[in-house]
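Hi,

Here is the structure I promised to send over.

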Amino acid sequence: MSDAAKYTENGLVALLKQRDVPAFEYLYEHYSAALYTVILNIVDEKEAGNDVLQDVFVKIWRQIDQYNEQKGRLFTWLLNIARNAAIDFKRSRQFRNSRQNLELTDSVYYSTGVTQLDTDKIGLAGLVEKLPEEYRKLIRLSYFGGYTHEEIASAENIPLGTVKTRIRKALSELRKLM
Amino acid sequence: MDINAYIESGIIESYVMGVTTPEETAEVRSMAATHPEIASAISAFEVMLEKQLKSNVQAPPQIVRDKIFSEIISPDETGKVVPMESGRGDIWRFMAAASILLFIASALLNVYYYRNYKQMQSSYQQLLADQGVMQAHVDKMQTRMNLLDSSMEMLQDPSMKVVSMKGNDGVATVYWSSKTKDVYLLKNNVPAAPAGKQYQLWAIVNGKPVNAGMIGDCVGLCKMQNIPEAEAFAITLEKEGGSPVPTLSALFVMGKV
């Protein structure tokens with residue numbers, strides 16, 4: 001993208017830490033669509049996605065001081081905030097809507113199967129669709145569902161070590177599609 | 001440890017995408033700190049992921065952007081502006097409420113004062129009327145007292161001749177000034193004249209009656225006509241307005257000088 005000339009990543013972060021509004025506008029222009037798409041991949045609903053994206057950018061504005069360049073790229077930090085916010089939202093919504101016996105997998109099939117929103121076709125989810133079902137399911141549970149390895153192991157009735165290995169393998173396969 | 005095998009295991013992707021366990025995360029960080037290949041593999045996947053996630057995207061609606069920027073910018077500016085405006089609004093609201101209350105209070109006071117005014121006005125009119133009545137009484141008494149006063153003076157005058165007239169039905173007295181020859185009558189005991197009738201005083205001069213005046217409602221002494229000479233005085237009951245000659249059958253009282 002040619003706009004990259006306007007700010008280096010370090011320069012952008014420095015301005016953001018000074019609460020520079022034009023820098024924040026630049027950040028929004030260049031990152032909001034990617035973050036919004038990830039959020040939609042997770043929450044599967046546009047209204048909810050709008051709310052979560054709003055919360056995410058307000059959080060970014062307020063918590064930019066917590067970003068440490070040594071630990072990774074800015075986008076990786078932004079992506080984690082967006083993904084965590086979306087997963088928190090989905091978890092709290094599922095909790096509100098939950099029936100006593102709601103199964104882990106039910107919610108996953110609910111979000112990617114029953115409602116069948118276009119959000120499966122965009123962003124990373126679109127790429128994940130191209131993976132074999134075995135990998136697809138693990139990525140849905142861990143990346144889009146936010147479930148821990150232990151939760152997945154217990155729900156899928158497979159050993160924890162196997163869960164770890166398969167998730168790594170699935171993401172490694174995903175990378176090959178990039 | 002085979003660094004390349006580690007890098008190829010998928011742990012880098014898991015770490016960058018945030019699906020590692022806390023122990024795995026700590027492990028990757030420690031490995032990256034000691035192995036520059038791992039650190040650069042991490043950076044490379046971050047760049048790759050960023051590029052991937054920026055493709056096939058859906059842009060958020062403009063409304064979200066507006067909400068975000070109003071939320072992050074407004075706390076600074078509205079912190080100054082909006083409270084002031086709302087503060088001003090409060091003042092206007094307060095003033096409006098106060099003026100309505102004042103208006104209502106004023107309207108109530110108007111009613112109250114108008115009623116008081118009406119009451120006072122009627123009391124005042126009543127007092128004026130009472131005062132008029134009192135004044136009339138006072139005037140009447142004053143007149144009466146003046147008349148009685150002058151009557152008293154005349155009675156005390158030593159030049160006054162006193163002619164007492166008596167009859168079967170009453171008593172009256174003539175006071176006749178020897179200086180001025182004025183005649184005054186005192187009704188000692190004179191019943192009211194019947195309707196259509198009036199008492200008339202006569203002076204008897206050389207045996208003949210001379211009209212000395214009609215007797216009206218007078219206080220104290222009634223001033224009659226001037227009589228230069230007389231031997232006696234008499235009162236008869238005549239028709240109203242008097243008669244040229246006395247009706248002797250109706251002689252009421254008589255007295256010699």
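Below is what turned up, starting with the pocket and moving on to the aromatic rings. Please keep in mind that this is a predicted model.

The largest pocket holds about 740 Å³ of space. It is lined by 34 residues, and those closest to its centre are Asn80(A), Arg83(A), Asn84(A), Tyr15(B) and Gly18(B). Two or more lining residues come from each of α3, α4 and α8 of chain A, and likewise from α2, α3 and α4 of chain B. The top contributor is α4(A), which supplies 8 residues. By type, the lining has 15 polar, 10 nonpolar and 9 charged residues.

Now the rings. Over all chains there are 13 aromatic pairs. One of them joins Tyr7(A) and Tyr26(A) edge-to-face, at 4.6 Å centre to centre with 65 degrees between the planes. These partners are 19 residues apart: Tyr7(A) lies in the segment before α1 of chain A, while Tyr26(A) belongs to helix α2 of chain A. Both Tyr7(A) and Tyr26(A) are buried.

Tyr112(B) and Tyr113(B) also pair edge-to-face, with 5.4 Å between centres and 65 degrees between planes. Tyr113(B) counts as exposed because its relative accessible area of 51% is over the 50% cut-off. Tyr112(B), at 47%, is partly exposed.

There is also an aromatic cluster made up of Phe24(A), Tyr28(A), Phe57(A), Trp61(A) and Phe69(B). Over the ring of Phe69(B) sits the charged end of Arg65(B), 4.5 Å from the ring centre.

Best wishes

How values were computed. Residues numbered from 1 in each chain as written. Chains lettered and ligands numbered in written order. Predicted model: local features only at pLDDT ≥ 70, side-chain atom pairs only at ≥ 80, totals over all residues. Heavy atoms only, no water. 1 Å grid on protein atoms, 1.4 Å probe; cavity = no way out; pocket = protein on both sides within 12 Å on 5 of 7 lines; lining within 4 Å. Points joined across faces, edges and corners; volume = space filled by probe spheres on them. Helix = DSSP H or I, 4+ residues; strand = E, 2+ residues; numbered from the N terminus. Nonpolar A, V, L, I, M, F, W, Y, C, P; charged D, E, K, R; others polar. Phe/Tyr/Trp six-rings, centres within 6.5 Å; stacked < 30°, edge-to-face > 60°. Buried < 20%, exposed > 50% of the residue type's maximum accessible area, 1.4 Å probe, protein only. Lys NZ or Arg CZ within 6 Å of the ring centre and 35° of its normal.
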